[in-house]
Structures are given as structure tokens and as C-alpha cells.
Amino acid sequence: MLGGRGGATDMAQIPFVGPSYNLDSRPASVQRTINLVPYPQEPGNERTKWVFKDVPGLVAYAPTTYDTIALLNFNGTNGSTTISDVYANTTWSVQATGSLSTTAPKFGSACWSSDGLFNGRGVRSSTAFATLGLGDFTIECWFKSSNSTQMAICNFIGNTNLGVFLISGNISVSSFATVDGTLVCSSTGSGFNDNQWHFCQVVRSSLVTTVYVDGSAVATGNDLRDYSTAAVVAVGATVAPSGASPWLGNLDDFRLTLSARPNIVPSSQFLN
């Protein structure tokens, strides 16, 4: 029999195995099944907290699940052009002659590195696989650059065009759709082109897009667009024109999720 029947400070953390949990190992005829009820997600903790409804102080934790559809850790050997996707919903190819670099990645064995010229114009999905629709989504990526030109962190083209860019000066990070030529939101004067690693997270939740950099909200705006057609995705450049707005610097850990993730700066490499 599992413990944890004490007060609030005596909380047993047990594996979550369903909407109910058998508390003891007695014969089925006398076992007592206790229902679980959900608690709101704890801030900064990607777990769902459950409690036993009729046993005060007994707590269970279950991982919060997200619909991740692409995850590029950019791990590999120096100079490699093999880009692995943890979720393998599509294959990725290097545009032009870019490669991985083992020089000072943010996490893992390597990162994407490009001078933006002939040596690297991003990576691109081989198929149109990302259907964002009118729902929530999260785009995340670590970036580092000292350049002042417009550079694409990522770009989606299906029935509409969605991009996340770093631009120096008055606009540092922007997320926009060109279906009607308007900007969704952008930050101003933030100076993220300081050749240091920064974490960018673009979250659309209930048709409101918020851009976070290093955990701080730097821009927000309404995005009512329906990205109804599956999109080809490029990381480190645009889809069309192919390889335009190339990234100059480094990118690491790109993740695309079809849900709104919490604003958390990761302390290690994405696993899922």
C-alpha cells in the first residue's frame, strides 16, 4: 500500500496511470479505488498536479502533454549536413552548403552555424507538414548573432506566410503574416544582436500572439489568421524566396508545438 495519508507536508508523488488509482494491493473484491481530480498547472512546472479527492494530502503528478510536431536539436558532428528531427514528421535538407558546428552550441553536441552567404542558408522541410489553423501554437528557438540585417529564425508558407525574424535597430524580434501585409507584433530597440545566446518563444493563445525573449514578453498582438493549409517550414532562412533573409550566426533547439506552451526558459536541451 502506498503511503501519503498524512497532512499537506506529507505528499506522496506516485506515477499517474489514469483517471483513477488503486491505493492498495488487497484482493479486487475489497480494493478501494480513489478518483483523481485535476489541479491547475503549477507555474514554471510542465507537470499536471492531481490530488486524491477523498484523501487529503495525497498528491500525484502527471507530465503535461503537448502536440509537438517538429524538434531540431541540431546535434551531430562538425560540418555535418544531416539534420535530424526528433518527431520525424518530415525530413529536412540544408539549403545551399550550410552545416552543423560543434563550436560553442547552446546545448548538445552542435548547433546550426551560417555566415548567410554561400555557406548556409538555413534548413527546409521536404514536405508541407505544419497546419497551424486557428489554434494555439508555440515556436521556440535559441539564437545568437551580431548582425544588423533582417534574418529569419523561421518561416512558414502554406496558404499564408508566417515568419519570425531578428532585425536590429528599432525592431529586434518580429512575428508576422503577410497574407494582408500587416505586422502581428514586434519588439523595439531590444538589442538582441549582441552575439549572446537568447531564447525566443512565440506563443499564439486564443488568437493573441506574444513574443518572449529570455522569459520576458517583448511584444504582443492579435493574429486572427487561419493557417489552414499545411506549410513548408524553413529554419534560418525563408521558404520563398528560397534561402532569403539568411541567418548570420547560430541557432539551436528549434521546436514547433500545436499548443500554447508556458513561458519557461529551458535549462537543458529539448527532449520532446
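The largest cavity has a volume of about 60 Å³. I note at the outset that the model is predicted.

Entry 1, the cavity. I looked up how many cavities of 30 Å³ or more the structure holds, and I found one. I then listed the residues that line the largest cavity. From the stretch around position 160 I recorded Phe156, Ile157, Gly158, Asn159, Thr160 and Leu162. The lining also includes Ala130 and Leu132, together with Tyr227, Thr229 and Ala231. Sorted by class, I have seven nonpolar and four polar residues in this lining, and no charged residues.

Which side chain does the side chain of Gln269 meet in a polar contact? I found that of Asn75, at 3.0 Å. I next set aside the neighbours within four places in sequence and looked up the other contacts of Gln269.

I examined strand E17, residues 208-213, and strand E18, residues 216-222. The two strands run antiparallel and are joined by six bridges. Within this pairing I noted that Tyr212 stands opposite Ala217 of E18. How many residues lie between the strands of the hairpin? I counted two. In this hairpin I recorded a positive phi for Asp214, near 55°.

Notes: Residues numbered from 1 in each chain as written. Predicted model: local features only at pLDDT ≥ 70, side-chain atom pairs only at ≥ 80, totals over all residues. Heavy atoms only, no water. 1 Å grid on protein atoms, 1.4 Å probe; cavity = no way out; pocket = protein on both sides within 12 Å on 5 of 7 lines; lining within 4 Å. Points joined across faces, edges and corners; volume = space filled by probe spheres on them. Nonpolar A, V, L, I, M, F, W, Y, C, P; charged D, E, K, R; others polar. Polar contact = N/O pair within 3.5 Å; in protein donor to acceptor, adjacent residues only side chain to side chain. Contact = heavy atoms within 4.5 Å. Pairing = 2+ DSSP bridges. Helix = DSSP H or I, 4+ residues; strand = E, 2+ residues; numbered from the N terminus.
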